[in-house]
Each structure stands twice: as structure tokens, then as C-alpha cells.
Amino acid sequence: MKDKTAKPNLTMEYEIKDIYKIIDDLIDTSIYQRIFFLGEISGGITSTDFWCIEEDDKISDFVTYEEGNEGTDDKLTADILEMNQFLTQKNMKNFNQIFIEYTFQKEEIVANVALDYFDWPEEGFAMYGVPDYYLSKALGEKYVTNFGMENVEKMTKYAESHEAETAFNYQFKNERKDEYEI
Amino acid sequence: MNMKFRKVPFEERLHEEINDTFRFLNTSLDLSDIGHIFYWGQVYGNSKSVGYWYVDETTKIIVDSVNGVNYILFRRMIAEVSMFKKMFSDNNMKPYIQVLIDFDMTGSQVIANVTFDSYDWRKLDFDLESVWDYYRVETVGSEYLKNGDNLADVNKMQEYAAEHDETLHYQVVVDDFRSN
């Protein structure tokens with residue numbers, strides 16, 4: 001008989017897969033080319049965000065405070081906090097930002113993960129401009145909307161002269177849901 | 001630019017969220033010698049409350065989340081009331097106010113007995129402490145009542161509930177877990 005209360009093995013890979021699953025529970029990810037997730041734990045505040053890129057480079061942004069989205073934000077937040085908890089248990093440094101790019105192959109989803117250790121607010125950068133930095137690194141200038149490229153350039157300069165990010169890839173099976181009809 | 005939000009059928013989403021709820025409770029708490037663990041949530045507009053409790057069979061005391069839980073567990077518990085709220089609105093159902101999940105671990109499988117209700121206890125002038133006690137008494141009986149003063153209120157609430165059925169009941173079999 002299986003142990004009813006057997007606990008799942010929590011690892012970084014489990015969380016990365018879970019973050020994708022949380023997003024895929026909310027939106028139909030099958031129409032998108034790439035999905036970017038940004039989790040921030042800086043200045044004592046946590047923040048989660050994700051963007052979906054369509055074939056023609058159209059971008060959609062997840063709005064945390066919109067009706068119906070709070071549960072997703074709570075789940076994503078719990079996951080990134082748990083990742084740092086896991087790193088602590090392994091005597092590894094906690095990240096301030098985690099930036100994941102999910103791309104879709106036929107059978108697999110590839111996650112490119114970057115962890116960094118920049119406490120942007122602590123270093124005097126506005127929280128509002130943080131997503132721009134990550135999006136412009138991943139997609140280029142045209143997606144910079146908030147504080148503009150000048151701020152991104154300052155952040156880039158800062159990043160270059162400080163601790164390097166940790167990057168790794170993870171691949172997992174594409175278990176996409178079928179679209180439901182209500 | 002709008003995202004393509006899914007609208008998932010009620011039973012499907014309920015099954016997923018019940019499984020998620022058990023998974024995180026099981027990860028955070030030692031449930032190995034427990035018969036039932038209860039998850040409770042309440043949502044009034046933007047105001048959300050959550051909690052859990054279970055009876056320790058050896059000491060016969062109730063263990064609950066009243067004095068606080070670790071932050072990660074708290075965020076996961078709070079997520080569920082919002083997920084359920086969305087589940088109701090996606091399926092054009094009248095909003096619920098309270099949710100109570102009884103995870104029954106006494107058999108070979110974990111069975112979740114889920115009750116959503118729309119009792120507006122605030123409007124009926126019952127404070128949160130009495131509400132908390134009402135659901136506890138409903139699940140584990142009045143012997144575990146922390147504050148005996150609330151028993152009169154709890155009885156009034158029970159009378160009200162008996163006369164007005166504002167509940168929805170579901171049963172979900174929780175998936176077996178294995179270490180991955």
C-alpha cells in the first residue's frame with residue numbers, strides 16, 4: 001500500500017516545473033512562443049511577474065492585482081520563497097531575483113534560469129524599473145516601457161561590476177492541458 | 001494586451017486545488033498519525049482568512065494555526081481561497097464565503113469532503129472568534145472549544161444553518177503521492 005502521507009521531493013527543478021504549471025493553470029500557454037517569469041525578493045518585498053510572447057512578438061503582462069489573479073501571485077510567491085529555503089538548507093546563497101525563460105519544444109519545455117543577487121532597492125534603483133532590466137536583457141529595447149533605457153543602462157553597469165548571476169537549464173516533459181469548454 | 005485566460009470546469013479545477021491543498025499541508029505538517037486535517041477559509045470581498053486544525057490523537061488536544069504559521073504555508077493557504085473564488089466566478093456561480101475541507105486520512109486513500117457555504121456570519125453579527133469556533137465544533141465537537149463563552153453563539157449559528165441550507169458539498173479523492 002502506498003504511503004498516503006509520503007512527501008514529494010522538493011528541489012529547484014520541482015519548483016521551476018511548478019511555476020510553469022501555475023502559469024499554465026491560469027492561461028493557455030500553447031499559443032505563446034516564450035514565457036518569461038520574474039520573481040523578486042528584494043528590500044523585504046516579494047513580487048512575481050510573467051510575460052507571454054506571441055509569434056509576432058506581441059507581449060502580454062500578468063497583472064497581479066487584477067481580479068482573479070491574486071491566487072496565482074500567492075502560489076508563485078510561495079514557490080520562490082521555498083526555492084530560497086531549499087538553497088539555505090544546502091548552504092547556498094539565496095537569490096534576490098530569479099528570471100526564467102520557458103520555451104516550448106514538441107515534447108519538452110526548456111527552462112533557462114538565471115538567479116542573481118542584486119538587491120535593487122537597497123542599491124537605490126526603483127522597483128518600478130526592475131522588470132525593464134530583465135525584459136530588455138532577454139528581448140531588447142523595444143519592451144522597455146517604464147523608466148526607459150537610461151535606467152536600464154545604469155542597472156546593467158551595476159550588474160557588470162558586481163556578483164555574477166548563476167544560470168542553469170532544466171528540461172521537462174510538456175504536459176500541457178487541453179483547452180476546456182465551459 | 002490580454003492574456004488567454006483559461007476557464008476550467010468547476011469539478012476539474014476543484015480536483016486540482018484540493019490536491020494542491022493536501023500536498024502543501026502534507027509537506028508542511030506531520031500528518032502521519034492524524035485521522036483528519038481540516039482546512040478552513042473565508043473570503044469577504046478582499047478580506048481573506050484561513051486556518052487549519054487537527055486533533056492530536058495521543059494528547060487529545062487540538063493543534064491549529066491560530067497563533068501563526070510559517071509564511072510560505074500562509075501564502076499557499078491564502079492562495080486557495082482566491083483560487084476557489086475564481087473557480088466560482090469562472091463557472092458563473094454565486095460566490096461562496098466560507099470553505100471547509102475535511103481531509104479524511106483514516107482509510108486507504110485520502111478523501112476530501114469539501115463544503116462551500118455562503119452564510120454571512122458578519123451580517124448576522126457573529127465575530128470571527130465565534131465563526132472559527134462554529135467550524136471547529138462542526139468538525140471535532142464542542143469538547144475542543146477554546147473559549148466556552150462562544151458556545152451560545154455557536155449554538156445560534158447551528159440553529160441558523162439548520163434552518164437555511166446555504167451549502168454546497170463535494171467529495172474528492174486525493175491522488176496518491178510518491179517521492180519524486
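What pLDDT does chain B average? This is a predicted model, and chain B comes out at an average of 92, with 97% of the residues scoring at least 70. For the complex, the predictor gives an ipTM of 0.93 and a pTM of 0.93.

**Stop 1: the sheet of chain A**

You'll find an open sheet of six strands, paired in the antiparallel sense and ordered E3-E2-E1-E4-E5-E6. Now pick out 59–61 and 166–173: these are E3 and E6 of chain A, the edge strands, and each has a single partner strand, so one side of each has no neighbour in the sheet. From one strand to the next, the twist averages 15°.

Next, colour E1 of chain A, residues 34–42. On one side, E1(A) pairs with E4(A), residues 97–104, over seven bridges in the antiparallel sense. Click on A:Gly39 to find a bridge whose partner in E4(A) is A:Ile98. E1(A) also pairs with E2(A), again antiparallel, over nine bridges. Here A:Ser42 has A:Ile45 as its bridge partner in E2(A). These two strands make a hairpin with two residues between them, and A:Gly43 in the turn has a positive phi of about 55°.

A:Cys52 stands opposite A:Ser60 in E3(A). The hairpin of E2(A) and E3(A) has five residues between the strands, and there A:Asp57 takes a positive phi near 70°.

**Stop 2**

Switch to chain B. Six strands form an open antiparallel sheet here, in the order E3-E2-E1-E4-E5-E6. At its edges are E3 (61–64) and E6 (167–173) of chain B, which each pair on one side only. Ignoring direction, neighbouring strands of this sheet are turned by 20° against each other on average.

Zoom in on E5 of chain B, residues 111–117, which pairs with E6(B) over seven bridges in the antiparallel sense. One bridge to look for joins B:Ala112 to B:Val172 in E6(B).

**Stop 3**

Bring both chains back into view. The second largest pocket holds about 450 Å³ of space. Of its 24 lining residues, those closest to the centre are A:Leu10, A:Glu82, B:Phe24, B:Thr27 and B:Arg76. H1 and H2 of chain A, along with H1 and H2 of chain B, each give two or more residues to this lining. By class, the lining has eight nonpolar, five polar and eleven charged residues.

Finally, which residues line the largest cavity? Select A:Glu70, B:Val43, B:Gly45, B:Asn46, B:Lys48, B:Val81, B:Ser82 and B:Lys85. This cavity has a volume of about 40 Å³. H2(B) gives the most to the lining, with three residues. Two of the lining residues are nonpolar, three polar and three charged.

Conventions. Residues numbered from 1 in each chain as written. Chains lettered and ligands numbered in written order. Predicted model: local features only at pLDDT ≥ 70, side-chain atom pairs only at ≥ 80, totals over all residues. Heavy atoms only, no water. 1 Å grid on protein atoms, 1.4 Å probe; cavity = no way out; pocket = protein on both sides within 12 Å on 5 of 7 lines; lining within 4 Å. Points joined across faces, edges and corners; volume = space filled by probe spheres on them. Helix = DSSP H or I, 4+ residues; strand = E, 2+ residues; numbered from the N terminus. Nonpolar A, V, L, I, M, F, W, Y, C, P; charged D, E, K, R; others polar. pLDDT = per-residue confidence, 0-100. Pairing = 2+ DSSP bridges. Axes fitted to C-alpha atoms, helices over the stretch in contact; angles between N-to-C directions.
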